[in-house]
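Biologist: Can you walk me through this one? I have a few quick questions.

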Amino acid sequence: MARHDFTPADKRLLAERVGFHCSNPSCGVSTIGPSIIPNEKEYVGVAAHIYSASIDNGPRANPSLSEEERSNISNAIHLCNKCSTIIDKNKGTGYSAEVLFGWKSYSEGVAKSRIYIEKPFVLFKTVDFQFLESDYSTALSCTGLNEKNVESCPSSEAIISDITNKLQLANKCIIKGCSGSGKSLLTYQVAYNFYKQGYAVFSIHKELFTNNFTLASPQDNSVLVIDDAQILDPKFFEIILSSAYKSCLILANWNSSTSIDDGFLRNYPFVEISPISQVKMLEKYCLENKDQISETLKLIGLKTNKKDHHDRIDARIFRASRESTPWLFNYSLTEGWNAAKQDLDLLENDQKLSMAVVTVAIFQFATLDNGVSKQTILTALKQFNNDSQWLQKAETVLNKYCVSIEGNIKNKHYEYSRRVLKLFLSQNNSADELEYLLNLIAFILKTDAYLAGHSNLIEFIIFDFRRGKYELNTRGITEEVTLNLLATTITIQDAPAIVTKLNSLIRLNKDVLSLLKKDSSILEKWLLDVCRKTAYQLGNLINTLSNEDNKFLTVSEKHIKVVFNAMINAQIEDRSRFSYLLSRMQFFVDEKCKDYQKNLFETSTFEINVSAFSNDTACYQFSKLIDELAYINSDWVDEQVKNNIEGISELLNKDLMNAYSSLSDLFSHYFGVTAAILGIKLTDSRLKKRAKRLASKLSINSILEAFESLEIVDVQEYGDIMIFLALYDMNKLKEISDKFNYDRLFELYKSDDKLDHYHRALIAILQNADSQNYQDYVAKTIKKYQYIDQLFVALSPDFSLNEIQNGTRYKMDFGGRLECKNELLILAEIMKEDGGISLVKRILEENISEISDAIFDNATNVDKTKSKFSLLVFIHKNLPSIFNEIVKDQENVLVLIEKIRRLIKGKKQEKVFAQFYVFLLKNYSNQHVPQVAEIEKQYPSIIRFDITQYE
């Protein structure tokens, strides 16, 4: 067969255009260099054909090409000799012409960006899932988890399935969560599933992204993994996401703890991790494998003595399960706090070398978890101790205690840095340590190189470094940093972090407002320069100004017009950014401007059509726009809701939970679900009309089917949907209640030893006295948890009373006015039954702990309701002897005496409580008689208390 090759000149030019590097983004080796023979070169470059050199044979053959096209440089790609062989194996399977053209374009772009710049060349690193670990020990080391741990750590099949489905449908998915929530591990677990199906998996070298960046797929059927995507410029990240296609899937994770602006993520398929549900999963896994976990803990020097309750493995797991993230769970399980403190104490006692890891932690905050070079750390440490031997020791500490990722030094985890700083600052720090720390923070805040992380560092100072907050303010550093910011020539389009920084500076020191008040022109200019990257941050800043009750900002019709036009001209997915800013600006406009703004909507052709959005963003964007713009023009918003009822109901009936998750603002705020939870009734008849119409169009089958695939973390949102139906279509809710799969609900909570709040709420919302299916579930729930409370009495009174009479415990609730009122009514009704008096006495005896807590609770708002007082008087009347037990504890009595001193100075009902509590002490306790007598002498009205007038 005819074979058409390239000319020597074209081969040379091809190699020169990529800087004599292999064009494979996963390789990138140099193809030229010195030979072992003096004055000779070694050349391993190959000008490979993209479309086969043969007319109708060979890899990627394309018979339609002419001889000239086949041998033209446009059909050539420069590779090393190894990669040129790989792409032609098996007739080019996995390496289509499209992939190779992408490699060529990418490598030429990178070669251009590398001129005069030293940057790594390899964009992709193969993730081959070799050397997988088989046990949970690495997770317990609390270093970062990655591809090695995909089999040794538990995984949530429901979450993995959700992510996989989104990847397969949209070719891209983002896993979003806070620090330590398990994002990285979950990312690799999903990628591993694709790897087992024959996909090649690659991680991306984030340092290579430039303004000329174009993404090239490493090969067909590949998954590109981006860990900590929040480090990237959003512009580059969006370029990557838009490059995904069926044979090149993009799977990223995003740390919401260290990101400034993640609103744009709503434009793409994403899954938000609930760290609490991940912690529950780990708790279950560790309990099931507690023998193995116990042995691992013993290896690191921890006791798991079964005789000592504190050391028992079950107790350790239980304590760990109270943490908020998986990383904190593991850190607690291994007593990592003690290890961190020991490390700090050891280093502190060794010439204050603790400052090395503290410095790393400060830079980790300032760079949003990205870290800095070792040289930057050592240069900073010279300001603390310039001794060369000390600096050598500090470098050894960095090598031993920290990790290096892509050339940057970090502590082993972002949360570890937070804990290290907290531990360090809780100690009795020396003057030179504090001075160094303050100077380092001041240097960072004055340096634009760390601008993106300034707000993050300031927020840490506000909440966790109060001494630092005081010193920065009193030394004038906050003022200096603010003045520098206000005088900057950097535009907010180029550096939106400036806006966030100013917001944090106001929170750091309210005197910053005085500087702004002198000249607020910069804020007014920022409003005129608003863009998609700054709209949300400006909204937050204006919200802060409003919260501080500062009205010096002048919002004119010009500002309103600029933001309004930016909103209606923005991409559909970006409009909610501007609507948020527009709604915040309402705090600073006069009546004339409000009328002008309202008129803009009425004279504009701007409207919202939920079907104009993609399925991934329709609900969220529509919901946000309605929620924000309702404050500006309620008539216009009502018209938009009216015109979109059909579209909204279609989205909900198609995928209830996914759509509702994004529509939550519409339901919670606009349709009043949150108000209903708070006991507030909405009076807008138009709103009710729209809500009833929407409720009527929701499919009962869709609602019931959605519950079948629900996880525990989704029960709260599912309950909100039921509240919406309770408000606007009670008949539909009753039908759902009767047909509901209560077996599935029971299965979700089968491992709970006490009734979960959202489980309880859902049972209450589904209340249906006419449904045997529902009544059976209430009975089943009572049997499981072995107690009855006022909710169960309300839901199934006859069954509850029968169970109480048969010995099931009745659990009292002193939580608030309504709860106490209900308890009193229930106890009064029980008294009417045969044997009711003895039954009530038994109930009171079983609730001595709850009664005691209600009396000794020292919170400021718990003794203001008449219903609680009446309930306590009822208890005294029917079982006075119970108070002998309650007031015998000396420490509790001391607490009560201090509480009495506070209550006697309060409002009328609080004074009555004080009188009652003194009555209890005088009649049922012989402790602290002098203190009681002193109170009576100081406040004679207490003596006049007569219990009989209340009984």
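Modeller: Bear in mind that this is a predicted model. The second largest cavity has a lining made of Ala340, Asp343, Leu344, Leu347, Val357, Tyr401, Tyr416 and Val420.

Biologist: Which elements give two or more residues to that lining?

Modeller: Helix H13 (336-349) and helix H17 (414-426). H13 gives the most, with four residues.

Biologist: What classes of residue line the second largest cavity?

Modeller: Seven nonpolar, no polar and one charged.

Biologist: And what volume does the second largest cavity have?

Modeller: About 40 Å³. The model has three cavities of 30 Å³ or more.

Biologist: Switching to the open sheet. In what order do the six strands come?

Modeller: The order is S5-S7-S8-S9-S6-S10, with mixed pairing. Strand S5 (124-127) and strand S10 (270-272) each have a single partner strand, so one side of each has no neighbour in the sheet. On average, neighbouring strands are turned by 25° against each other, direction ignored.

Biologist: How many bridges join S5 to S7?

Modeller: Four, and S5 runs antiparallel to strand S7 (residues 200-204). Phenylalanine 124 is opposite isoleucine 204 of S7.

Biologist: Which strands does helix H6 touch?

Modeller: Helix H6 (residues 157-170) packs on the sheet against strand S6 (172-177), strand S9 (248-255) and S10, and its direction makes about 145° with that of S6. Helix H8 (residues 234-242) also packs on the sheet, where it touches S6, strand S8 (222-226) and S9. The direction of H8 makes about 150° with that of S9.

Biologist: Last one: how many residues of helix H27 are buried?

Modeller: 10 of the 10 in H27 (residues 575-584), so the helix is largely enclosed by the rest of the structure. Among them are Arg575, Phe578 and Arg584.

Technical notes. Residues are numbered from 1 along each chain as its sequence is written. This is a predicted model: local features need pLDDT of at least 70, side-chain atom pairs count only at pLDDT 80 or more; totals for chains, interfaces and linings use all residues. Side-chain values use heavy atoms; hydrogens and water are left out. Two strands pair if DSSP finds at least two bridges between them. Axes are lines fitted to C-alpha atoms, for helices over the stretch in contact, and angles run from 0 to 180 degrees between N-to-C directions. Contact means heavy atoms within 4.5 Å. Buried means under 20% relative accessible area, exposed over 50%, partly exposed in between (1.4 Å probe, protein chains only). On a 1 Å grid over the protein atoms alone, a cavity is a set of points where a 1.4 Å probe fits but cannot get out, and a pocket is an open set with protein on both sides within 12 Å along at least five of seven lines; lining residues have an atom within 4 Å of a point. Grid points are joined across faces, edges and corners, and a volume is the space filled by probe spheres set on the points. Ala, Val, Leu, Ile, Met, Phe, Trp, Tyr, Cys and Pro count as nonpolar, Asp, Glu, Lys and Arg as charged, and the others, Gly among them, as polar.
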